[in-house]
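Have the model open while you read. Let's walk through a few spots together.

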Amino acid sequence: MRSSTRVLLRGLAVTDHVVDVPLRWDLPVVGGRLGQLPADGPRAADDPGPTLQVLAREVVDVRREGEDLPLLLFLQGGPGGKSPRPVPGGGWLAKATRTHRVVLLDQRGTGRSTRVDASLAAEVGDDDVLAERLRHHRADAVVADAEHVRHVVYGGRRWETLGQSYGGFVTLTYLSRAARGLAACYVTGGLAGLAADADEVYARLAPRVLERSERHRARFPGDQVLLDALADRTGAEDVRLPSGDRLTTRRLQSLGIALGRLDGSDDLHWLLDEAFRDGPGAAPDGPLAPSFLAEVDQRTGFAGEPLYGVLHESIYAQGPDRGQGPTAWAAERQLPDALRPQVRPLGLLGEATYPWMVEEVAALRPLRGATERLHAVEDWTPLYDPEVLAANEVPVAALAYHDDLYVDVDLSLATARAVGSTDVWVTNEMQHDGLRTSGGAVLDRLLASVADRGGPLR
């Protein structure tokens with residue numbers, strides 16, 4: 001079943017399409033090779049499980065709403081991130097809606113697409129059952145959902161895709177499973193390593209995380225004094241966040257994820273500047289500002305995207321067909337000694353999830369048992385088909401960030417060489433959020449890259 005509702009914003013026509021999908025699609029893997037999705041759309045598995053709802057939000061410039069514009073599917077970062085909410089103004093979305101009918105997909109488990117959170121854990125009531133359910137929230141299921149939407153809402157028309165970060169990982173799965181539905185693909189900061197497991201990914205990123213932490217320390221030496229004082233205090237006292245969670249040193253360190261954004265270092269500095277109610281010169285045992293504690297709670301609490309905390313390592317899992325075992329908390333295994341919470345000066349963490357998070361974070365605690373079971377899964381299915389990707393004919397234009405804190409650039413470049421019809425642009429002028437911060441310039445260049453090669457397939 002599907003339903004649609006339409007609203008008008010200033011200059012934008014927004015139509016929400018809500019589509020029913022099965023929990024389990026038929027996604028066969030035979031001899032290590034991925035089965036292709038049928039030309040007329042995916043099939044439900046023999047035992048499809050419960051029905052989920054998926055939101056596909058269509059956005060177009062109101063002046064062009066009645067025109068036959070090409071479709072552009074946006075694949076959000078994550079896992080666990082909902083699609084951006086359209087607001088009038090600038091940026092890539094405003095530019096894209098002038099030439100395309102943009103489809104913002106809330107990937108299953110996020111936003112308005114049968115959300116995964118503590119209430120689902122209470123509803124299911126069994127960690128094994130919940131873990132089995134959450135196994136079906138990876139990129140292969142997202143691709144099947146997208147293919148179903150493409151057929152039931154858009155009559156099977158090819159569409160272009162724009163994959164930001166994890167959305168690029170999903171793009172590679174799409175090209176592996178259902179390339180016939182794609183006219184062109186644009187990827188920003190999301191060319192995953194086709195064979196790299198979670199251990200390799202975190203080992204490659206660790207030096208960059210250390211370097212970024214040291215760079216912030218050199219730029220804002222007063223911040224390091226403050227961080228060390230806060231770390232000593234949170235290690236000795238029971239400091240509570242508004243959620244009721246304890247502010248631990250490790251949670252303080254996880255603020256470092258901001259350093260992967262263009263303005264992340266500045267943003268972190270101003271957050272720390274207001275840590276104490278009486279200002280940055282306050283005594284280290286003085287009262288902490290409630291606004292600071294609330295902001296730390298929000299940034300590190302996963303309340304908006306609990307699925308990220310559950311599934312993050314699984315996005316690198318390819319299973320025994322690719323010689324991989326369980327992820328088993330790879331980021332914790334690969335954490336450099338210099339980033340342990342007892343070390344001073346205190347280092348800041350990057351993008352990863354750790355076993356302490358499901359113990360210390362309120363939004364993740366109800367999902368703890370299922371999360372631990374997922375980290376022990378041995379029989380993940382592969383997400384990419386190297387042979388299919390090597391023969392790819394769908395034009396792909398990708399942006400790889402030379403200093404990316406979240407996605408290793410060398411793995412991205414190796415993938416670009418391994419995927420047919422792929423053009424990659426490498427820059428150190430932006431960080432991982434370049435699509436958002438460039439005001440549409442990144443999208444313009446990627447569109448031009450495909451246009452210069454003959455344009456999208458039709």
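What follows goes from a strand and a loop to a group of helices.

Keep in mind that this is a predicted model, where local features need pLDDT of at least 70, side-chain atom pairs count only at pLDDT 80 or more, and totals for chains, interfaces and linings use all residues. Residues are numbered from 1 along each chain as its sequence is written, and side-chain values use heavy atoms, with hydrogens and water left out.

Start at leucine 105, which sits in strand β7 (helices, H or I with at least four residues, and strands, E with at least two, are DSSP runs numbered from the N terminus). With a relative accessible area of 2%, leucine 105 is buried (buried is under 20% relative accessible area, exposed over 50%, partly exposed in between, using a 1.4 Å probe and protein chains only). Leaving aside residues up to four places away in sequence, leucine 105 touches a set that includes Val54, Leu55, Leu73, Phe74 and Val142 (contact means heavy atoms within 4.5 Å).

Now move to serine 113, in the loop between β7 (101-106) and α2 (118-124). Serine 113 counts as buried because its relative accessibility is 0%. Among the residues it touches, not counting those up to four places away in sequence, are Gln53, Val54, Leu55 and Asp106. A polar atom of the serine 113 side chain lies 2.8 Å from the backbone nitrogen of leucine 55.

On to the helices. In α9 (residues 264-273), the buried residues are Gly264, Ser265, Leu268, His269, Leu271 and Leu272. They span an arc of only 165° around the axis, so they lie on the same side of α9 (the arc is that of the directions from the helix axis to the C-beta atoms). What covers them includes α6 (198-219), α7 (221-236) and α10 (290-300).

How do α9 and α10 pack, at what angle and how far apart are their axes? The angle is about 140° and the axes are 9 Å apart (axes are lines fitted to C-alpha atoms, for helices over the stretch in contact, and angles run from 0 to 180 degrees between N-to-C directions). That makes α9 oblique to α10 (under 35 degrees is roughly parallel, over 145 roughly antiparallel, 65 to 115 roughly perpendicular, the rest oblique). Asp267, Leu271 and Leu272 of α9 meet Phe292, Glu295 and Arg299 of α10.

Finally, α6 and α7 pack at about 110° with their axes 4 Å apart, and are therefore roughly perpendicular to each other. Here His216, Arg217, Ala218 and Arg219 of α6 meet Pro221, Asp223 and Gln224 of α7.

Notes
A polar contact is a pair of N or O atoms within 3.5 Å; within protein, one must be able to donate a hydrogen and the other to accept it, and residues adjacent in sequence count only if both atoms are side-chain atoms.
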